[in-house]
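Hi,

Here is the structure I promised to pass on. Have a look at it first, and my notes on what turned up follow below.

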Amino acid sequence: MDAFRIAIAQLLVDTFPSLTIEKAFEGVDYTSKGADFSVALPRYRLPGKPEELVQKVVDKFTPDEWIESVVPSGIHLNCFVSSKTLSRLVLDQVHALTHATASGEPEYGTNKSGAGKRVVIEYSSPNIAKQFHVGHLRSTIIGAFLANLYKASGWEVISMNYLGDWGTQFGLIAVGFNKYGSREELEKDAIKHLFDIYVKINADAEKDPSVKAEAAAFFKRMEDGDEAALTDWRQWRELSVKKYEQEYDRLNVHFDVYTGESQVGKASQAAALTQLEQMGLIKDIDGAKLVDLEKYKLAMAVVRKKDGTSIYLTRDIGGAIERYEKYKFDKMIYVVSSQQDLHVRQFIQVLKLLGFPWADQIEHVNYGLVQGMSTRKGTVVFLDEIIREAGSVMHEQMRKNEDKYANVHEPEATAEEIGISGIKVQDMSAKRINNYPFKWDRVLSFEGDTGPYLQYAHVRLASIERNNGELLPLPPPSEIKTELLTEPQCKAIIALLGTYPFVVEMTLKKLEPSEIVTFAFRLAHAISAAWMPVMVKGVEDKALAQARMYMYLCARDVLGSAMRLLTLRPLERM
Ligand code: ARG
């Protein structure tokens, strides 16, 4: 697509010799508003009225192999590219960069802007023995997407899960485990069993203050590194991680590192505190230590409790320092709910006060709330409940159409995959910061801009090869007559395919998954609009049928790439 932009830039330079080609190029924008590219003339600050400048370009223009026509539209110059050149270049590039790359991996839509750079992305980060709530789910979905996006942009990515695996509650669980624990239950489902124990022992602690005291004493032993007090905890952690790994796998989410609050060393926390004290930033209030961030409108924050035990904030300060020492990242991203905006700002501010230059390379990717996600049984507590519910609601819906259902391969696994796609796409459809209400029927509908609709669009494209075997194998790309793709619907699809690499680059700037979701839907809609007028089946002219098939297969490749970037697993059949 840049080749077309250069052609337009050249036209501008020919008309206005004072412009440089670089400057002219920057002003050539993609547009979806009834043209392929559009140029807003005022941005060049040339002498004269914008409308007249536009007219000058129009007068200068003669059609060539790149640009078919230019049309004035107020202060804008709208440009239409040559369909013939567009089809040839875009489809061949999509094909080559999908099926004939040196790495053997599809590369269309990737770039090397991050080559040699390393990013640590922390996401999901649930708390052991507590609920996995929708906030964690959003962090998981958005974080996994960001990991893919950075990889697609050439970065080395370290995906990190920072578990809530430390704190006074683990003293409580230890007491509860002695009372209610079962090794067998623990092996079966550690996440659920620990949660149950936590609920029970909390109730006990409400009634009986000695339980709390016992728990506090136990946690003190853990903090002091008493091996006997840590053995059980280690197993809880290990078994919980194992279970989480299985569930993440179903979501197509993977971590390079499982760390957690427990892994943050005492030394780094203590050193940070001492330095803050020396800088006169610490206030003692009733034995607790607070860092004064009023100047930054970030309030006073406790960094050390009265009994000397560490807390969440201090662990984040020490944790960041250790991560830098270990990974020397060029960037570190925290995917954490906007409910924790203050917390994240506080620890970043403290790191800045401590004089770490890399504190400026930390980015908080936040997101809003989801209201009302529940299963039919009630509130969601565990991740596997969400996954199961998505699968079973979808399964029921699919069964309503008996004829279709009879042809579905592996209906349960397919239903789960579509269900998960539904949840993910819903989650990434709008700007991250927006809150949204959760509705299963909307999430799992095949109509409208939903995950199931994207899966359906992909399956339909995948079926083209299966249903038109007589056209296979396709001739080599150079022999396919792409000039036969003359319908406007073809041009719409191909132009979208051409913009995909640019969409990926833009998305890396904004870190908004909705950019990719929007692209995927625009492509799916363009394909659906072409489906009837641009048929493959039953077309007598074989060359024409093959050219069309080539286009649809390229569309499948790009839609599949966009879906994979969104962490979906594109289905071949449903
Ligand atoms: N475990 C925390 C919670 O569930 C989220 C952790 C976010 N990450 C961080 N570095 N503070 O609230």
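This is a predicted model: local features need pLDDT of at least 70, side-chain atom pairs count only at pLDDT 80 or more; totals for chains, interfaces and linings use all residues.

For background, most residues other than glycine have a negative phi. Ser125 also turns up around the ligand, along with Glu122, Asn127, Tyr162, Gly164, Asp316, Tyr334 and Val336. Sorted by class, that shell has three nonpolar, three polar and two charged residues.

Next, helix packing. Two packed helices are described by the angle between their axes and the distance between the axes, and I have two pairs for you.

Pair one is helix 6 (residues 169–180) with helix 9 (residues 209–223). Their axes come within 7 Å and cross at roughly 115 degrees. Since 65 to 115 degrees counts as roughly perpendicular, helix 6 is therefore roughly perpendicular to helix 9. The crossing of helix 6 and helix 9 is right-handed. On the helix 6 side, the contact uses Phe170, Gly171, Leu172, Ala174 and Val175, while helix 9 brings in Val211, Glu214, Ala215, Ala216, Phe218, Phe219 and Met222. That contact between helix 6 and helix 9 comes to ten nonpolar residues, one polar and one charged.

Pair two is helix 20 (residues 513–530) with helix 21 (residues 542–565). Here the axes come within 10 Å and cross at roughly 155 degrees, so helix 20 and helix 21 are roughly antiparallel to each other. The crossing of helix 20 and helix 21 is left-handed. Helix 20 contributes Ile516, Phe519, Ala520, Leu523, Ala524 and Ile527 to the contact, and helix 21 contributes Ala555, Val558, Leu559, Ala562, Met563 and Leu565. By class, the contact of helix 20 with helix 21 has twelve nonpolar residues, with no polar and no charged ones.

On the annotation side, an unreviewed UniProt entry lists residues 454–574 as "domain: DALR anticodon binding". In the model that span is 65% helix and 0% strand, and its end C-alpha atoms lie 12 Å apart.

Most peptide bonds are trans. Pro473 lies in the loop between helix 18 (451–467) and helix 19 (488–510).

Cheers

Definitions and conventions: Residues are numbered from 1 along each chain as its sequence is written. A residue is near a molecule or strand if its C-beta atom, placed from the backbone, lies within 6 Å of it. Ala, Val, Leu, Ile, Met, Phe, Trp, Tyr, Cys and Pro count as nonpolar, Asp, Glu, Lys and Arg as charged, and the others, Gly among them, as polar. Axes are lines fitted to C-alpha atoms, for helices over the stretch in contact, and angles run from 0 to 180 degrees between N-to-C directions. Helices (H or I, at least four residues) and strands (E, at least two) are DSSP runs, numbered from the N terminus. Angles under 35 degrees count as roughly parallel, over 145 as roughly antiparallel, 65 to 115 as roughly perpendicular and the rest as oblique. A crossing is left-handed if the near helix is turned anticlockwise from the far one by less than a right angle, and right-handed if clockwise. Two residues are in contact if their C-beta atoms, placed from the backbone, lie within 7 Å. UniProt positions are given in the numbering used here, feature names are shortened, and annotations may be inferred rather than shown by experiment.
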